[in-house]
Amino acid sequence: MTQPIHPIDVILHKRDGLTLSDAEIQAFIRAIVERTPERQLVTDAQIASFLMAVFQRGLNAHELAALTQAMRYSGDTFDAATLDAFTPVFCVDKHSTGGVGDKTSLLIAPVLAAAGLAQPTPAGIPGICVPMISGRSLGHTGGTLDKLETIPGFNSQLNLIQLGETLRQCGAALIGQTPRIVPADRTLYALRDHTGTVESPFLITASIMSKKLAESLNALVLDVKTGSGAFMPTYEKSKFLAELMVQTGEAAGTRTVAVLTSMNEPLGRFSGNWIEVWECVDILQGKRHAMSRDLIELSNILSGWMLHLAGRAATPEAGAKLADEILASGEAYKAWLKIIAAQGGDTTIFKDPAAFHKPKATRTIRAEISGYLASMDCKQVGWAVQRLGAGRAKPGDPVSAHAGIESHAKLGDRLEPGQSIFTLFSEDAALLDEPEHMLRETIKISAAPPAVAPLIREVISAKPGI
């Protein structure tokens with residue numbers, strides 16, 4: 001008879017630097033999911049101890065793969081192959097580690113939907129399916145769901161049956177994690193926030209990859225941020241995280257590529273909730289503001305990798321060119337309207353998205369001297385956006401639809417006295433002072449042009465040239 005595995009033994013083994021077996025990891029995750037108030041198979045204290053042991057000791061490649069798979073299958077999973085309308089189908093998604101003004105998902109989903117149309121091509125290449133499960137804002141980073149939910153009527157909380165129907169109709173869907181998708185992560189994530197273990201690259205990888213792999217993806221493209229606004233504090237740590245996620249995705253049979261991208265300033269023109277939707281709608285409608293250049297470039301590069309992995313482009317570069325052509329053609333905008341309508345959203349507001357933006361208070365920060373915009377702490381900018389009301393300090397906090405900032409200059413731009421750098425928006429004038437101080441404190445203007453990091457720092461894949 002197999003001896004039962006006790007949570008304390010798993011904790012002690014990892015605390016002492018031993019390698020955990022698949023059975024130990026599976027038993028620990030199963031105890032988390034199956035526990036009830038009446039039957040505490042594992043306590044919060046034991047889970048916290050396990051998290052700290054992993055934080056201190058790390059996980060080898062096999063342990064990390066086992067933990068990710070145990071979390072992935074801790075609840076419901078989505079498999080597009082079970083949908084009759086998708087025969088054959090190639091399921092692909094992207095994930096960003098979070099940033100300020102990072103709204104690429106709102107462009108990528110309709111571009112991929114327009115490219116694939118959820119139908120096989122005459123050459124027999126599978127249709128494209130994009131089941132994009134996104135998150136909410138927390139800390140200094142924005143959340144895709146908060147942006148989408150500023151659209152009146154939009155429903156991000158689809159169950160798996162509704163997700164399948166939306167994918168049948170549109171080829172892409174933008175939803176939140178349901179209570180039954182990777183339930184183990186909900187418990188682990190909440191306790192990581194209270195135990196000082198949030199920054200563990202192993203726990204981050206298991207959390208992100210378990211949710212993405214629960215979509216039963218054929219391919220995944222990761223946007224791993226590096227720079228002052230990134231979650232990981234150094235380039236080396238960002239790269240290590242990217243390598244872990246690629247390794248874990250490949251071990252699960254999903255082709256995985258990570259693109260390390262700069263996050264030293266807000267991405268695009270706007271940072272907030274509705275204003276980021278507005279920016280993307282403008283781009284989808286063919287209106288390309290100068291401040292959105294980096295957003296368009298990054299969205300095309302990430303889309304290009306997805307199209308390449310899905311067999312729609314011979315190279316990632318060809319995929320990026322195709323993505324830009326789809327944006328310019330208006331086909332992505334048609335796909336966007338179809339996705340939003342299918343999820344209950346009111347598409348009439350896109351006729352004049354600027355008119356929907358109704359902050360009650362605004363303030364503009366201007367350059368006081370001439371010179372070049374040399375640097376800023378992008379994380380500080382993100383916190384300023386949060387303080388204006390666009391983000392949340394803890395899960396469950398309400399967020400403002402109209403709060404945020406507009407960027408009027410990019411790093412390296414020449415500034416003259418009185419020239420606008422940021423405009424602040426809030427629904428409460430009393431919330432303007434602190435963010436203004438934070439932004440003025442972090443903006444640095446130099447006499448000489450600064451060295452600006454390239455948008456794309458490095459591409460990491462299991463097979464070079466994948």
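I count a salt bridge when a side-chain nitrogen of Lys or Arg lies within 4 Å of a carboxyl oxygen of Asp or Glu. I also note that I am working from a predicted model.

**Entry: salt bridges**

I looked up the total, and the structure holds 25 salt bridges.

I started with Lys-14 and Glu-63. Their side chains form a salt bridge at 3.1 Å, N to O. I then checked where the two partners sit. Lys-14 belongs to helix H1 (residues 7–15) and Glu-63 to helix H4 (residues 61–72), so this pair ties together parts that are 49 residues apart in sequence.

Next I took Asp-324 and Arg-288. Their side chains meet in a salt bridge at 2.9 Å, N to O. Asp-324 lies in helix H13 (residues 316–329), while Arg-288 lies in the loop between helix H11 (274–284) and helix H12 (293–309), so the pair ties together parts 36 residues apart in sequence. Asp-324 has 26% relative accessibility and counts as partly exposed. Arg-288 is also partly exposed, with a relative accessible area of 39%.

Arg-440 is partly exposed at 35% relative accessibility. Glu-436 has 16% relative accessibility, and the cut-off for buried is under 20%, so Glu-436 counts as buried. I followed the shared partners from here.

I traced an open sheet of 6 strands. Its order is E3-E2-E1-E4-E5-E13, and the pairing is mixed. Which strands stand at the edges? They are E3 and strand E13 (456–461). Each has a single partner strand, so one side of each has no neighbour in the sheet.

I then went to one pairing. Strand E1 (residues 89–96) and strand E2 (residues 127–134) run in the parallel sense and pair over 3 bridges. Phe-90 has Ile-128 in E2 as its bridge partner.

I looked for helices on the sheet. Helix H7 (residues 160–170) packs on it and touches E2 and E3. The direction of H7 makes about 155° with that of E3. H12 packs on the sheet as well, touching E1, E2, E4, strand E5 (255–262) and E13. The direction of H12 makes about 155° with that of E4.

**Entry: backbone angles**

I flagged Val-182. It is not a glycine, yet its phi is positive, at about 45°. I found Val-182 in the loop between strand E3 (172–176) and helix H8 (183–195). How accessible is Val-182? Its relative accessible area is 0%, so Val-182 is buried.

Ser-216 has a positive phi of about 55° and is not a glycine either. Where is Ser-216? I placed Ser-216 in the loop between helix H9 (201–213) and strand E4 (219–226).

Conventions:
Residues numbered from 1 in each chain as written. Predicted model: local features only at pLDDT ≥ 70, side-chain atom pairs only at ≥ 80, totals over all residues. Heavy atoms only, no water. Helix = DSSP H or I, 4+ residues; strand = E, 2+ residues; numbered from the N terminus. Buried < 20%, exposed > 50% of the residue type's maximum accessible area, 1.4 Å probe, protein only. Pairing = 2+ DSSP bridges. Contact = heavy atoms within 4.5 Å. Axes fitted to C-alpha atoms, helices over the stretch in contact; angles between N-to-C directions.
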